[in-house]
Amino acid sequence: MKPSSVLLACLGGAIAMLPLCAQPRAHSAASQAPPAQSGHAPAQGDSSPGEQVFKQNCSRCHDAPQGFSPRISGTILRHMRVRASLSEPDERQILIFLNP
Amino acid sequence: MAAAQDVEGHNVPLISGGVGFVTSTNGGDTTYIPVITPLLAAPIGSRILVESRAIILDPFSPKGGGQAGYRSNYFLGLTYLQADILASRHATIVAGEFLTPFATYNERLSPIWIGNFQDAPLNFGVGTMGTASSVGGMLRGSAFSTARLSADYAVYFSASSTNQQFSAARASGGRGSLYFPATRLELGASYGRQLQGAAKNFAGAHVWWEPANTGLRVRSEYARGPHSSGYWVEADYRLSRFSGGDSFAGRFEPVLRMQQTFRSQPDASDGLPAAGTEEVDFGLDCRLPHEVRINSSYSRQFSSAGNRNIWQTGIVYRFLFPTWRGK
């Protein structure tokens, strides 16, 4: 068997198996929520529009920072609006999420 | 940006980036790589952002051949330096040196504090015009965004520059992506045309998928140039889905990447291996408290030029601060 066939079989198998064992517990949102150092982290289970936008856009590439000063939240969002091509409403929703 | 300005100090300039130390053993040869990648972002007014990222690294490795000591290769380079002008809800004008918007790895996953693997994919050189940076202008933004579908775009033109810190090829191109929030599926296509010397066309496509309510994330890219092509598929699983991000198990993230390149003609300029190559990468990333992450991986590469093992381990600290202290 060619090496490429073996590798593709490994990858396909792994990808196919992972969702099967994915039975997440109730824990969810807070683990991906950006815990601002100001203590503005949303409560567990909170599913605000901003959080949804955050999870759909930001989490695609990276985990949330473990904490940052709220004084730079606007700068972060402006950077991410350009880098991730966020729409203006999405940017605003995430900013509200970061600064409830 | 009105909301951003409602709170005093939201737009303080920031300094971010990563500091890391990586070891890479490739075919038995070990290299140690201390690296710093600082990023500065400074808003000006309500519609302009100036941002820049640099890289400073000093790889060193044993001299070998019975010689004592190490040889090193210090490097300091500007990755990008750009001004972003938020022209409208749907358009941002970017001027300066910017990351070439081809496929996804270059813009999204190349920061050392984001990528799951230390090494870029084998096909990274296709479409990124050699330097992965362009000097000129770019128009990008969100074409539209609804609850069911959003679309974004980026088009650019780059002038030729041989300046050491602003090196780029004369080129143009762009990328478009569709994102389906309900299924968390992203589809995109890229095009690039090198305009200097013998004109070359590059095309690419990417598919990212993040199944809802799982910790699985699947990313893939395909890129094709005049003399070579290649793809990679990467899957990672965030174990934090099971027991929380602060638990022992929840800090780990297994990663698998498969990549393959094909070559039709010799071409040293595209950066792909000289012969068709297949590689599988197994990784295990561990997120520690205080923005520290440990990445480790084993890769097996198959090629007519020889098979090899690649072992890599790295520790990266990500920092993110305001540039000055506030009240």
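Predicted model: local features only at pLDDT ≥ 70, side-chain atom pairs only at ≥ 80, totals over all residues.
Start by selecting helix α4 of chain A, where Ser73(A), Gly74(A), Thr75(A), Ile76(A), Leu77(A), Arg78(A), Arg81(A) and Val82(A) are buried. Buried here means that 20 or more other C-beta atoms lie within 10 Å of a residue's own, while exposed means 12 or fewer and partly exposed is in between, with C-beta atoms placed from the backbone. Since 8 of the 11 residues of α4(A) are buried, the helix is largely enclosed by the rest of the structure.

Residues are numbered from 1 along each chain as its sequence is written, and chains are lettered from A and ligands numbered from 1 in the order in which they are written.

**Chain A**

Now colour chain A by secondary structure. You will find 5 helices and 0 strands, running α-α-α-α-α from the N terminus. Helices (H or I, at least four residues) and strands (E, at least two) are DSSP runs, numbered from the N terminus. Of the 100 residues of chain A, 37% count as buried. Among the contacts in chain A with a separation of 6 or more, 62% are between residues 24 or more positions apart; two residues are in contact if their C-beta atoms, placed from the backbone, lie within 7 Å.

**Where the chains meet**

Next, show both chains and select the residues that touch across the boundary. Chain A puts 45 residues into the contact and chain B puts in 56 residues. On the chain A side, α1 (3–20), α4 (73–83) and α5 (88–98) each supply at least two residues. The most comes from α1(A), with 10 residues. By type, the chain A side divides into 22 nonpolar, 14 polar and 9 charged residues.

**The cores**

Select Phe54(A), Ile72(A), Ile94(A), Leu14(B), Phe98(B) and Met138(B): of the 25 residues in the largest nonpolar core, these touch the most other members. A nonpolar core is a set of buried Ala, Val, Leu, Ile, Met, Phe, Trp, Tyr and Cys residues joined through C-beta atoms within 7 Å. Two or more residues of this core come from each of α3 (49–57), α4 and α5 of chain A, and from each of β2 (29–44), β7 and β9 (150–158) of chain B. The largest share, 4 residues, belongs to α5(A).

Zoom in on Leu14(B). Leaving aside neighbours within four places in sequence, Leu14(B) is in contact with Ile72(A), Thr75(A) and Ile76(A) in chain A, and with Ala41(B), Leu320(B), Phe321(B), Pro322(B) and Thr323(B) in chain B. For a second, separate core of 16 residues, select Val126(B), Tyr222(B), Ala223(B) and Val280(B), which are included in it.

**Chain B**

The C-alpha trace of chain B spans about 65 × 55 × 40 Å along its principal axes. Buried residues make up 40% of chain B.

Strand β4 (residues 60–64) and strand β5 (residues 67–72) run antiparallel and are joined by 4 bridges; strands pair if DSSP finds at least two bridges between them. Pro62(B) stands opposite Tyr70(B). There are 2 residues between the strands, and Gly65(B) takes a positive phi near 60 degrees.

Then pick His90(B), in the loop between β6 (75–86) and β7 (92–99). With 17 C-beta neighbours inside 10 Å, His90(B) counts as partly exposed. Not counting residues up to four places away in sequence, His90(B) touches Gly141(B), Ser142(B) and Ala143(B).

Finish at Arg257(B), in strand β15 (residues 252–263). Arg257(B) is buried, with 23 other C-beta atoms within 10 Å. Beyond residues up to four places away in sequence, Arg257(B) touches Phe117(B), Trp232(B), Val233(B), Glu234(B) and Asp281(B).

Notes
Nonpolar A, V, L, I, M, F, W, Y, C, P; charged D, E, K, R; others polar.
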